[in-house]
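Morning, everyone. I'll take a few minutes to walk you through one chain of a model. Please have the structure open as we go.

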Amino acid sequence: MGRLEAALRDLRLADTLAARDTPVSRLDPRAKVLVTAAFLVAVASFNRYALSALAPFALYPLWLAVAGRVPAGWLARKLAIAAPFAAMVAIANPILDTAPMLRLADVTVSAGWVSFASILARVGLTIAAALAVAAGTGMHALAAALAALGVPRIFTGQLLFLWRYAFVLGGEASRMQAARTLRGGRGSPALAVYGPLAGHLLLRAFERGERIHRAMRARGYDGEIRTLRELRWQVRDTVFVLGWCAYFALARFVDLPLALGRAITGAP
Amino acid sequence: MSHHRLEADGIRYDYPDGTPALRGATFRAGHGESLALVGANGAGKSTLLLVLAGLVAPSAGVATVGDLPVTPATMEHVRRTVGFVFQDADDQLFMPTVLEDVAFGPLNLGLAPEEAKSRALQALQSVGAEPLASRAPYRLSGGEKRLAAIAGVLAMGPDILLLDEPSAGLDPRARRRLIELLRAFDHTRLIATHDLDLVLDCCARVLVMHEGTIVADGEPRAIFADAALLDRCHLEPPLSFSA
């Protein structure tokens with residue numbers, strides 16, 4: 001199995017995980033979307049040097065992953081893909097913002113490094129939460145929840161098509177890669193070969209996309225993807241939403257680690 | 001009953017680059033008939049099926065489904081009447097579970113979720129695939145995928161079935177099961193295939209396509225005995241026939 005195919009299978013795992021019966025998958029997807037949105041807003045709203053105050057927010061993705069039985073390795077691999085992007089966004093901060101801010105033992109840490117760490121922490125938290133929610137819900141249920149919450153169907157439809165075609169495109173690419181390897185192509189192809197390869201991939205994906213679209217039209221697809229799933233809001237969903245939102249509000253407005261430290265040390 | 005009728009009258013179709021794919025294909029199939037459509041690669045079999053299902057508009061000629069010509073205005077009727085089983089089941093299956101995928105068509109016909117679900121379960125049962133209901137389509141074997149795809153089409157309650165290479169890629173047992181299934185249907189069937197042994201088992205009539213037209217139409221044994229015709233159309237008599 002090629003690396004690309006392995007990566008695709010790994011991504012597909014999200015659907016497989018969501019099909020299991022866990023405390024997370026039993027929740028109404030709308031509740032999970034709402035709480036996750038509140039989580040994202042709360043995490044994003046801290047000032048740029050916030051670091052220790054973010055720590056209590058790790059509880060939410062942690063709970064999703066543990067209660068939803070999301071394999072830690074899977075989550076970590078997906079986070080590792082996002083990490084370089086986050087680092088790229090944040091890398092200018094230590095260079096531009098050199099004012100000293102903290103002293104850890106004998107090392108002075110500049111404000112730029114603190115905000116760099118803050119950005120990485122936020123990216124880690126938000127992506128971990130989004131991944132864990134997706135793995136505990138499934139793309140189709142998420143799209144249904146977004147539609148029910150008023151997101152226009154054209155966007156939710158796009159989300160599902162993105163999910164569907166990512167595997168179509170990936171599958172074609174992995175077959176092309178296998179064909180190339182079998183005929184002796186080693187390493188990564190020369191730059192001049194990339195053009196024709198990409199062109200071929202595009203044409204193949206177009207053809208495949210056209211066949212898929214025809215198959216959908218033949219079964220009456222008219223722009224709306226209907227499913228059997230009916231969304232049912234239950235008491236536990238209300239508890240879930242209120243409970244987490246209250247916790248986020250508390251963690252947002254009270255610096256819990258600081259308060260905890262003061263309570264332990266007795267400092268004012 | 002004339003509403004299971006399937007007709008093509010002088011259908012022509014040119015690819016966007018001008019290459020002709022169909023050059024006046026004509027045939028008539030009556031209620032409950034099981035027809036095979038055979039011919040070399042590129043003879044125009046798949047294109048003819050697409051035209052009959054209203055998925056591709058012909059450059060000239062008329063396709064008739066039931067009592068109505070296939071036009072944009074009758075598309076609703078065509079969708080309800082014609083079920084199309086595509087060559088590659090992977091092109092068809094896309095929902096997270098088999099049951100949801102099979103219910104996709106009935107939901108699009110406007111059925112309530114409960115009714116769509118019972119129709120989907122019924123369709124799965126009729127192809128003997130109800131144990132697959134909660135499985136993810138991408139984890140099925142080729143034969144299971146084919147059954148799920150056929151169930152997805154049957155769930156819409158079509159009168160006419162168009163099948164494109166239904167036995168391609170199936171192992172012998174899955175193929176045997178498919179043949180039994182096809183024989184049991186009472187729909188009007190048009191089966192495009194290279195599997196001439198399947199034709200002998202499932203079809204009372206064969207249409208031979210060559211370069212975009214139907215060059216022969218008759219009983220399978222008579223057609224397969226015509227060595228000159230088969231040779232001209234790049235076909236060979238089925239194994240069971242020559243033995």
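**Chain B: helices, sheet and interface**

Let's start with two helices: H4(B) passes H6(B) in a right-handed crossing. Keep in mind that this is a predicted model. H4 covers residues 98–108 of chain B, and H6 covers residues 142–154. Their axes lie 7 Å apart, at an angle of about 35°.

Which residues of H4(B) and H6(B) meet? From H4(B), we have Val98(B), Asp101(B), Val102(B), Phe104(B) and Gly105(B). From H6(B), we have Ala148(B), Ala151(B) and Gly152(B). By class, that contact has five nonpolar, two polar and one charged residues.

Now step back to the whole chain. Chain B has eleven helices and ten strands. Its C-alpha atoms fill a box of roughly 55 × 45 × 40 Å along the principal axes. What about the radius of gyration of chain B? It is 18 Å, and this agrees with a compact globule of 243 residues, because such a globule would come out near 18 Å. Of those 243 residues, 50% are buried. Now take the contacts between residues at least 6 apart in sequence. In chain B, 66% of these join residues at least 24 apart.

On to the sheet. Six strands of chain B form an open sheet with mixed pairing. The order is S6-S7-S8-S3-S9-S10. Which strands stand at the edges? They are S6 (82–85) and S10 (213–218) of chain B. Each has a single partner strand, so one side of each has no neighbour in the sheet. On average, neighbouring strands here are turned by 20° against each other, direction ignored.

A quick reminder: strands of a sheet pair through backbone hydrogen bonds, either parallel or antiparallel. Here is one pair to look at. Strand S7, residues 160–164 of chain B, runs parallel to strand S8, residues 188–192 of chain B. Five bridges join S7 and S8. Find Leu162(B), and you'll see its bridge partner in S8(B), Leu190(B).

Last stop: the partner chain. How many residues of chain B are in contact with chain A? The count is 25 residues of chain B against 21 residues of chain A. Helix H3 (89–92), H4 and helix H5 (113–126) of chain B each give two or more residues to that side. H4(B) provides the largest share, six residues. By class, the side of chain B that touches chain A has 16 nonpolar, four polar and five charged residues.

Conventions. Residues numbered from 1 in each chain as written. Chains lettered and ligands numbered in written order. Predicted model: local features only at pLDDT ≥ 70, side-chain atom pairs only at ≥ 80, totals over all residues. Helix = DSSP H or I, 4+ residues; strand = E, 2+ residues; numbered from the N terminus. Rg over C-alpha atoms; globule rule 2.2 N^0.38 Å. Buried ≥ 20, exposed ≤ 12 C-beta atoms within 10 Å, placed from the backbone. Contact = placed C-beta atoms within 7 Å. Pairing = 2+ DSSP bridges. Axes fitted to C-alpha atoms, helices over the stretch in contact; angles between N-to-C directions. Left-handed = near helix turned anticlockwise from the far one by under 90°. Nonpolar A, V, L, I, M, F, W, Y, C, P; charged D, E, K, R; others polar.
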